[in-house]
Amino acid sequence: MLTSRSYGLIQFFYGKFFYIIKRIHNKWSSYWALKKSIQLDGDSKIGIHHSTMFNLINSKIVVRNGSLKVGIDFGYFDAGMYDCTKENCRIYLENSSLEIEGNVSLCPGVVIYGLNARIVIKNGTIVNGGSQIIALKEIEIGEDCLLAQGVIIRDNDGHKLSTKPGEEASKEIEKVNIGNHCWLGQRTMILKGVVLQDNIIVAAGAVVAKSVEANNLVAGVPAKVIKENVKWSA
């Protein structure tokens, strides 16, 4: 025969009490683990929205002579805003480093993934919501760059592939280097091995698979130079 058991207020409050204690313990454990993984050099500081999700395994976040804001500033996308109360940043690093040189803002909704990798973002750069930086080796982003909503930068194919019969499939990984004062338009993709020199504009939706010389605007799939000697300002 099935029987039911009713729990009184005491059992209810005991359950709530231990649930709260567990949450506090987990929060403090995460806080101290994160604090050990952050290195502030010089007169540096870091601001992190409480909704930000971190998973740092044998990894470091280093801020040199500046400030890093994670999920605090409002980002933008078509017809709306990335709201720091609704979208969270997610940073996963394993055997990797995220190095910030100067003042950098990661807007709500940014995803950074590093596995055995080094990711460098330099002074004055803003990464808008929905953007993803995925590194298995090295990605470097220069000064005063603007990454619009939904930009993807990756230094790898993501999956192993082969091009010859009988050839063992392998994953190609090549460093990505983005110069100073580059504007990456909405939903652009920067693929492995690409070097963008200074003052590049990448039009919305473009897929950049080859390196681009300075002062050019590229567009299309795959991206090609459509204007030369361009200038832009925020």
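**Nonpolar cores and backbone geometry**

In the predicted model, Ile153 makes contact with Gln132, Ile133, Ile134, Ile139, Ile141, Leu147, Val176, Ile178, Leu184 and Ile190, when residues up to four places away in sequence are left aside. Ile153 belongs to the largest nonpolar core, which comprises 41 residues. Together with Leu106 and Leu196, Ile153 is among the residues with the most contacts inside this core. Another core, of five residues, lies apart from the largest one; Ile201, Leu217, Val230 and Trp232 are among its members.

Several features of the backbone were also examined. Most residues other than glycine have a negative phi, and most peptide bonds are trans. Against this background, the peptide bond between Val221 and Pro222 is cis, with an omega of about -5°. Pro222 is situated in the loop that connects strand E24 (216-219) and strand E25 (224-228).

Positive phi values occur at two non-glycine residues, Asn58 and Arg187. For Asn58, phi is near 50°, and the residue is placed in the loop between strand E3 (53-57) and strand E4 (60-64). Asn58 has a relative accessibility of 64% and therefore counts as exposed, the cut-off for this class being over 50%. For Arg187, phi is near 60°. Arg187 is located in the loop between strand E19 (183-184) and strand E20 (189-190). With a relative accessible area of 57%, Arg187 is likewise exposed.

How values were computed
Residues are numbered from 1 along each chain as its sequence is written. This is a predicted model: local features need pLDDT of at least 70, side-chain atom pairs count only at pLDDT 80 or more; totals for chains, interfaces and linings use all residues. Side-chain values use heavy atoms; hydrogens and water are left out. A nonpolar core is a set of buried Ala, Val, Leu, Ile, Met, Phe, Trp, Tyr and Cys residues joined through side-chain atoms within 4.5 Å. Buried means under 20% relative accessible area, exposed over 50%, partly exposed in between (1.4 Å probe, protein chains only). Contact means heavy atoms within 4.5 Å. Helices (H or I, at least four residues) and strands (E, at least two) are DSSP runs, numbered from the N terminus.
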